Amino acid sequence: MAGQREFYYRRLHSLLGVVPIGIFLVQHLIVNHFAVYGEESFNQAAGFMAGLPFVLLLEIFVIYLPILFHAILGVYIVFVTRNNTRRYGYIRNWLFYLQRFTGIVTLVFIVWHVWETRIQIGMGNVELNYSLMENILTNPFMFWFYVIGVLSTTFHFANGLWSFLVTWGITQSPKSQQIATYATLILFLGISYLGIRTLITFAYGV
């Protein structure tokens, strides 16, 4: 029974990584990318998201609780899973290792990002807008911290999507898995561009 329960927990962990967490990640990067078109465009996009009906309930049940479950089980998986990168040096095994490593980095990044853009704002009279992100990212240390965090998060999602397709039996043949590899690589590059381009705009105004 314990083994069966863990099996279902891992399936849920995989599913939540794509729906809703992955969908939220892509949406979040797209909304933030409005900064590239100017301060007013970003503030309007951020204001629209903040003004959605039942936004607090949506954040709790669609974002925070799924991320919390995914993170807790993910940390458990990191500590109980054996990596064989030294013995089996092929690309998939290294991606398997990087998936666990970026999971930890992403968790640290998300905790800090939520603290900086949600919790601290709630504790003071501060608005989440273009100026706030500009003030954060003009600090060189914070800029590179965010760069690492964004790349870690986008890789973790894109590579996790590949694992999701295999785990759920969608890509079983070697050819379908190869196609999925290329597709998730393109996804990784695309959403990483959105994230990094946005950070550059906030930090350097270009």
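Helices here are DSSP runs of H or I with at least four residues, numbered from the N terminus. With that in hand, the tour of this predicted model can start with its overall architecture. The protein chain holds eight helices and zero strands, and reading along the sequence gives the pattern α-α-α-α-α-α-α-α.

In overall dimensions, the C-alpha atoms of the protein chain occupy a box of roughly 50 × 35 × 30 Å along the principal axes. Of the 206 residues, 39% are buried. Among contacts with a separation of 6 or more, 72% are made by residues 24 or more positions apart. The accessible surface of the protein chain totals about 12,500 Å², and carbon and sulfur atoms contribute 71% of that area.

Turning to charged pairs, a search of the whole structure returns two salt bridges. One of them joins Glu 6 to Arg 10, with the closest N and O atoms 3.1 Å apart. Both residues sit in helix α1 (residues 2-18), and their spacing of four residues corresponds to about one turn of the helix. Glu 6 has a relative accessibility of 27%, so this residue counts as partly exposed. Arg 10, at 30%, likewise counts as partly exposed.

The pair Glu 59 and Arg 118 forms a salt bridge as well, with an N to O distance of 3.4 Å. Here the partners link distant parts of the chain: Glu 59 belongs to helix α4 and Arg 118 to helix α5 (residues 91-123), 59 residues apart. The cut-off for a buried residue is under 20% relative accessible area; Glu 59 is therefore buried, at 16%. Arg 118 has 34% relative accessibility and so counts as partly exposed.

Leu 68 is one of the residues of a nonpolar surface patch, together with Phe 54, Leu 57, Leu 58, Phe 61, Val 62, Leu 65 and Ile 72. Together, these side chains belong to residues with about 800 Å² of accessible area. Leu 68 itself counts as partly exposed because its relative accessibility is 47%, a value that falls between the 20% limit for buried and the 50% limit for exposed residues.

Conventions. Residues are numbered from 1 along each chain as its sequence is written. This is a predicted model: local features need pLDDT of at least 70, side-chain atom pairs count only at pLDDT 80 or more; totals for chains, interfaces and linings use all residues. Side-chain values use heavy atoms; hydrogens and water are left out. Patches are made of residues with over 30% relative accessible area and no salt bridge: like charges are joined within 9 Å, nonpolar side chains (Val, Leu, Ile, Met, Phe, Trp, Tyr) within 5 Å. Accessible areas come from the Shrake-Rupley method with a 1.4 Å probe; for residues, only the protein chains shown count as cover. A salt bridge is a side-chain nitrogen of Lys or Arg within 4 Å of a carboxyl oxygen of Asp or Glu. Buried means under 20% relative accessible area, exposed over 50%, partly exposed in between (1.4 Å probe, protein chains only). Helices (H or I, at least four residues) and strands (E, at least two) are DSSP runs, numbered from the N terminus. Contact means heavy atoms within 4.5 Å.
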